[in-house]
There are 2 protein chains.
Amino acid sequence: MFACSPQEDALPTATVTQAANQIDLIVNGDYIVTMDDAATVHAGAAVAIDQGVIIAIGPAAEIAANYSASETLDGQGRVVMPGLVNGHSHAAMTLLRGVADDLALMDWLTNYIFPAEVEFVDAEFVRIGTELACWEMIRGGTTTFVDMYYYPDVIADVVEKCGMRALVSATVIDQRSPDAESAVDSIQKGKEFVNRWQGRNSRISPIFGPHANYTLNAEQLRATRAAATEAGVPVSIHMSESPFEVQYSKDTFGVTSIELFESIGFFDGPTIGAHVVWPTEAEISILAKRNVGVIHNPTSNMKIASGIAPVTDMLAAGVRVGLGTDGAASNNDLDMWEEMRLASFLQKVEQMNPEVLPAATVLRMATIGGATAIGLGESIGSLEVGKRADLIQVAFDDVHHVPTYDVISHLVYVTDEQDVASVVVDGTLLMRDKEFLTIDTERVAEEARTLAANIKRALEERNR
Amino acid sequence: MFACSPQEDALPTATVTQAANQIDLIVNGDYIVTMDDAATVHAGAAVAIDQGVIIAIGPAAEIAANYSASETLDGQGRVVMPGLVNGHSHAAMTLLRGVADDLALMDWLTNYIFPAEVEFVDAEFVRIGTELACWEMIRGGTTTFVDMYYYPDVIADVVEKCGMRALVSATVIDQRSPDAESAVDSIQKGKEFVNRWQGRNSRISPIFGPHANYTLNAEQLRATRAAATEAGVPVSIHMSESPFEVQYSKDTFGVTSIELFESIGFFDGPTIGAHVVWPTEAEISILAKRNVGVIHNPTSNMKIASGIAPVTDMLAAGVRVGLGTDGAASNNDLDMWEEMRLASFLQKVEQMNPEVLPAATVLRMATIGGATAIGLGESIGSLEVGKRADLIQVAFDDVHHVPTYDVISHLVYVTDEQDVASVVVDGTLLMRDKEFLTIDTERVAEEARTLAANIKRALEERNR
């Protein structure tokens, strides 16, 4: 049942400690939820980690006998699982969470979000907002995220320092933005950003983020794809998010969004499509055939009333579907546990069938499914020997985990972000028993509150 | 702006301490969200409580000058608001959370829930399960709940000891149940229960809980209503929950559920209807005209695919609508914060309109709206001088509350049950800074886990 082959005759402890079996980290758990293809769950087990890699998974006693680690996390009352993969976010928008809610999309955008962005989004805003987001994501057990916002160098800097894993998009958009003058300028700056960050840190993948087909024309979309292909990186893009977008695409291009992308060769390289709420049956086939990674964002899709994505249809067609939070301005947090629950609940009630999107399926979407959708399925997303060590310990000692019949059910239908105890990315502890090891949380909170107070004052004056 | 009229010339402190202004409790907050008719929110204020009653609400400094309290809760980083009202639950079913999920309703009921209940539900099960539920509800800021399960005396005992407020139903059902032989027997036992508990403890209202119109015939429904009317107590009943129920009612009675209740005079006394997913327009008018309290349970309705209740239509028609969690077996927790979010999100996406059910409206449903729906709107549900002191302090120092633009938005769209710091019911502290003062949590957890292990073994044997 166990994936590793522990040595049968362990060397005497003293020798082991000094020898080849000295490793970096052992993470114990009452249960290890591997999310491997066989959906293996080990009881009373441990994960052995060295130089960022999972080198063994086995019974806790055998791991303890075979390895001596610099640091060991106790497993009592803990469930170990892969870190969560947030496939679509605008991290710095944590600074705009709750700035305005319950408004029609255009009122919300034109009177609150855009004015706040025009006036306040600069490198400093992005640094503070992204740090705040990384703090929140680490707290909740997210280890990898795909981001799309301005000043990608700043985002990548923050990711590098806080220890998370991320795909950071250089946003390409056909308007003056906080960090570029035009689409041409943003593509050029994107190339420079990708060039600076490619190969620099294995945790950070610089990619292109063409915003959408209602903010870029066909030529600009093609040019962005070409730049990504030339650099050998993926693109992340908003795709078939709202009825507005579908109608705009039909009116402007004569075809719906995904048909447009297919027709202009946009899917010739790896693509991450965020939202995908309104694909036709034919478009779902295209997504499957072209290996497009789809990121489902149920909270955002519900809160700003974008619609209900055909998740089960996409999964049935073989589309790679992960989960994401979108930005905190339309969520209003970065809680992947809630995304799991909402993904399942929303499909069940829409189809009037409680059997669809069961717990195990949404847990896959939040881990290995999401990792595969964003092109990292070979290196993260499940706990298997040889993979990078991105994993979390979830405490199961809270009242809502009493009693526990089925660990998978509890992870999906009960667990909150505040239950996450410890977080490891690439073999390094980022949070240990709720203590943050890579982020100065007091400074970030103070900087965020100060900046938000200025934004609030400015918006109140503007909307008076 | 403040509701109280603090004395202008405070007496010297020494005199005050010894005199009439010595009170039980002062609760401070950066914000006091009153949920009164004017939706007043006080900044830097305090609530003064004596003998279970709110005697003043005013600026923190003035309350401190005018009253000397036996205990004072600091308000820094805290938001004070009315305790949440969970209008529909089967508390003891916490013991069955996660026992089975993602199944068709009849498979779930007949192969898991009913067998577990037949074999295991006795007075001890109900005691442990209700204690576990009260622990979880106090932790999450719920101060009042409406319960429907077996052994109501045991439920009322637990509520009496843990200090919460509850409407406890004697379940009436036309089958052999854990605590009665038949519908006639359950009505008789219900009368005895109500008789025992009426007037015994102002926090506990014994009521009747006729299960539904598919588990009771018209005569039994009438008899239960008559018993409730004779005793002067409300009834709580499942109402128009699922397409199955609507069809059953049409087939059996020739009318839909709410039409049936109206035709047999069931609404002649105060009624709490749980779920109400499928009312017709005419039925919504009946609910409004007859002052029926409706409890919306979005998580349960989504998870077991009952449907999407027409909440905004009911509110527009003047129906009193509160929120509930249903039992933890179909939820799988008792988190009223999630019910608020889901209520709002689900209406928004169904109607494709982000403006419907805004934060302030769902916060009302979870507090004064729910209190009114269950008949306690005069005494609880808002923070006003003269009302019973049921209130909570929510900590706003977690990362997901950074930054805070609007307290109401954050309470609804961000706050988790784990943010609740302190809970007061009827002027008595039940939880102080996350310390439970009325429940032996270690004992309850151990008893619940032991019982659940037995249930798990029995179900595995049965379904082998």
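Domain bounds here come from an automatic or database domain assignment, and for chain A that assignment gives domain 1 as 8-82 + 390-433 and domain 2 as 84-373. Before I go on, this is a predicted model, in which local features need pLDDT of at least 70 and side-chain atom pairs count only at pLDDT 80 or more, while totals for chains, interfaces and linings use all residues. Residues are numbered from 1 along each chain as its sequence is written, chains are lettered from A and ligands numbered from 1 in the order in which they are written, and side-chain values use heavy atoms, with hydrogens and water left out.

Let me begin inside chain A. The C-alpha centres of domain 1 and domain 2 of chain A lie 31 Å apart, and the contact between these domains, where contact means heavy atoms within 4.5 Å, takes 26 residues from domain 1 and 31 residues from domain 2. Together the two domains of chain A bury about 2,200 Å², with 63% of it on carbon and sulfur atoms; buried area is the accessible area, for a 1.4 Å probe, that two parts lose on being put together, summed over both. Of the area that domain 1 of chain A buries against domain 2 of chain A, 32% is supplied by Met35(A), Tyr413(A) and Glu417(A), more than by any other three residues.

Which element gives the largest share of the side of domain 1 of chain A that touches domain 2 of chain A? That element is H16(A), with five residues, where helices (H or I, at least four residues) and strands (E, at least two) are DSSP runs, numbered from the N terminus.

Now to the pair of chains.

How many residues of chain B are in contact with chain A? There are 67 of them, and they meet 66 residues of chain A. Chain B and chain A bury about 5,300 Å² between them, 60% of it on carbon and sulfur atoms, and Asp102(B), Val399(B) and Tyr405(B) supply 16% of the area that chain B buries against chain A, more than any other three residues.

Six salt bridges are found across the interface of chain B and chain A; one of them joins Arg341(B) to Glu338(A), with the closest N and O atoms 2.8 Å apart. On the side of chain B that touches chain A, the largest share, seven residues, comes from H13(B), a helix that spans 336-351.

Notes
Salt bridge = Lys/Arg side-chain N within 4 Å of Asp/Glu carboxyl O.
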